[in-house]
Amino acid sequence: MRIGVDARGITLYKGTGIGTYTENVLKNILNVDKENYYNIYWCGKDYAEYCKENSKVIMVSKKQKSFFEQLYFPTNLIKDNIDLYHVPQNGIGLSENIHCKKIITIHDLIPYIMPETVGKGYLNNFLKEIPKLVNNSNGIITVSEWSKKDILRFFPIVDENKVFVTPLAADSIYRPMDKEKCAYILSKFYNIKKPFILYIGGFSSRKNVDSLIMAFSKVYKKLNKEYNLVIVGANKDTGDYLTTLSNKLDISSKIIFTGFVPTGHLPLLYNGCDLFVYPSLYEGFGLPPLEAMSCGACVISSNLSSIPEVIGDGGILIDPLDIKDLATAIEKVLNDNSLQKNLKYKALNRASLFSWKDTAKKTLQAYTKVFSQ
């Protein structure tokens, strides 16, 4: 096969789930596949590692997106005899003028399921474009069985055999580290000096961070140690509502809002925490719990949507809408050293089942099936 991949998301969406996904899948596909040929459409710098004997990096501009998507890509795909074209960023940018086999990755259908949790502009564009993209594609990749069910529910005309599940993985930086070294760095950079419960994962209302704060307010006095709750993310994203809530509950002195944290420091936080809590109401996949488990952290997470597929027996699943249930689980884990040891062991075992190499192999299998249909 001659395969085209729209890899612009690696630079245009760097640091986001789509950027991370595109980067890791493409790197690993090029490492495992020596038979097929790849046209890689790129935007920006740092592309040297994508230049292989069976690949070609084609530079396109950040500007004039419409020209490249509607005219340049269709023409280039014909000129280079491309058999199959993959657009990883929810299919956005896939032209109807492309006539080879087409496959898109739909990461989730959050705008359909929880429209109140996404921006109006993104919502309108997603609802307008996705039906056309689904109809215009020969295959759809998604990241969990739950997301596949959602796709088939909202688009019943789609043949389920054309929807391929390729679970994600944690980056290799997420691994067990020396606790004392982590504690020193966290103390120096973020003034985290006490044992702590950790949350990482964004502040959309579907992330349900307010329920974590309320659960912490109910349980912190029952814990065997004095704990902080550490909430990671850019201050501009939290707005004022979480700070206001912590003040209202009179626990602001026990909550540390770190602000923005560079990716390189996230493994330190996962390793340094006594417990990672992720009470999200909906995820297409949910990488933060997997990253935490890869570091050997104890994990409490939601029993909704795709999250149980990721957590398995590697953590404790709770009803994220039941604050009492969440508070009870926090108390249970943090007051039982034996349970913590068992959870850490299970977390590492569970996390070992996921790898980007496997994601790449499943993606390549999807390419092959779509091409042969």
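Is phenylalanine 276 buried or exposed? Phenylalanine 276 is buried, with a relative accessible area of 0%, where buried means under 20% relative accessible area, exposed means over 50%, and partly exposed lies in between (1.4 Å probe, protein chains only). The structure is a predicted model, in which local features need pLDDT of at least 70 and side-chain atom pairs count only at pLDDT 80 or more, while totals for chains, interfaces and linings use all residues. Residues are numbered from 1 along each chain as its sequence is written, and side-chain values use heavy atoms, with hydrogens and water left out.

**Overall form**

- The protein contains 16 helices and 13 strands, these being DSSP runs numbered from the N terminus (H or I over at least four residues for helices, E over at least two for strands).
- For 373 residues, a compact globule would have a radius of gyration near 21 Å, and the 22 Å of the protein agrees with this; the radius is taken over C-alpha atoms, and the globule rule is 2.2 Å times the number of residues to the power 0.38.
- Taken along the principal axes, the box filled by the C-alpha atoms is roughly 65 × 40 × 35 Å.
- Of the 373 residues in the protein, 55% are buried.
- Among contacts with a separation of 6 or more, 68% are made by residues 24 or more positions apart, a contact being heavy atoms within 4.5 Å.

**Surface and charge**

- The accessible surface of the protein is about 16900 Å², and 51% of that surface belongs to carbon and sulfur atoms; accessible areas come from the Shrake-Rupley method with a 1.4 Å probe, and for residues only the protein chains shown count as cover.
- There are 46 positive and 37 negative side chains, and the centres of the two sets lie 3 Å apart; Lys and Arg count as positive and Asp and Glu as negative, with His and the chain ends not counted, and each charge is placed at NZ of Lys, CZ of Arg, CG of Asp or CD of Glu.

- Helix H8, residues 209-219, is largely enclosed by the rest of the structure, because 8 of its 11 residues are buried.
- Those buried residues are Val209, Ser211, Leu212, Ile213, Ala215, Phe216, Ser217 and Val219, and they pack against strands S8 (196-200), S9 (228-232), S10 (255-257) and S11 (275-278) as well as helices H10 (241-248) and H14 (323-334).
- Asparagine 208 lies in the loop between S8 and H8, has a phi near 65 degrees, a positive value in a residue other than glycine, and counts as buried at 6% relative accessibility.

**Aromatic rings**

- A search of the whole structure finds 20 aromatic pairs, where rings of Phe, Tyr and Trp (its six-membered ring) pair if their centres lie within 6.5 Å, and planes under 30 degrees apart count as stacked, over 60 as edge-to-face and the rest as tilted.
- One of these is the tilted pair of phenylalanine 216 and tyrosine 220, at 5.8 Å centre to centre with 35 degrees between the planes, and both of these residues are buried.
- Another aromatic pair, edge-to-face, joins tyrosine 270 and phenylalanine 276 at 5.4 Å centre to centre with 70 degrees between the planes; tyrosine 270 counts as buried at 0% relative accessibility.
- Tyr41, Phe67, Phe68, Tyr72, Phe73 and Tyr85 form one aromatic cluster.

**Individual residues**

- Asparagine 39 lies in strand S2, residues 37-42, and counts as buried at 0% relative accessibility; leaving out residues up to four places away in sequence, asparagine 39 touches Ile3, Gly4, Val5, Lys56, Ile58, Asn76, Asp80 and Ile82.
- Leucine 133, found in helix H5 (residues 120-135), is buried with a relative accessible area of 5%, and, apart from neighbours within four places in sequence, leucine 133 is in contact with Asn90, Gly91, Ile92, Leu94 and Ile104.
- Glutamate 53, in the loop between S2 and strand S3 (55-59), is exposed with a relative accessible area of 86%, and its C-alpha atom is separated by 8.6 Å from that of tyrosine 37, 16 residues apart along the chain.
- Serine 305, in the loop between strand S12 (299-302) and helix H13 (307-311), has a positive phi near 55 degrees and counts as buried at 10% relative accessibility.
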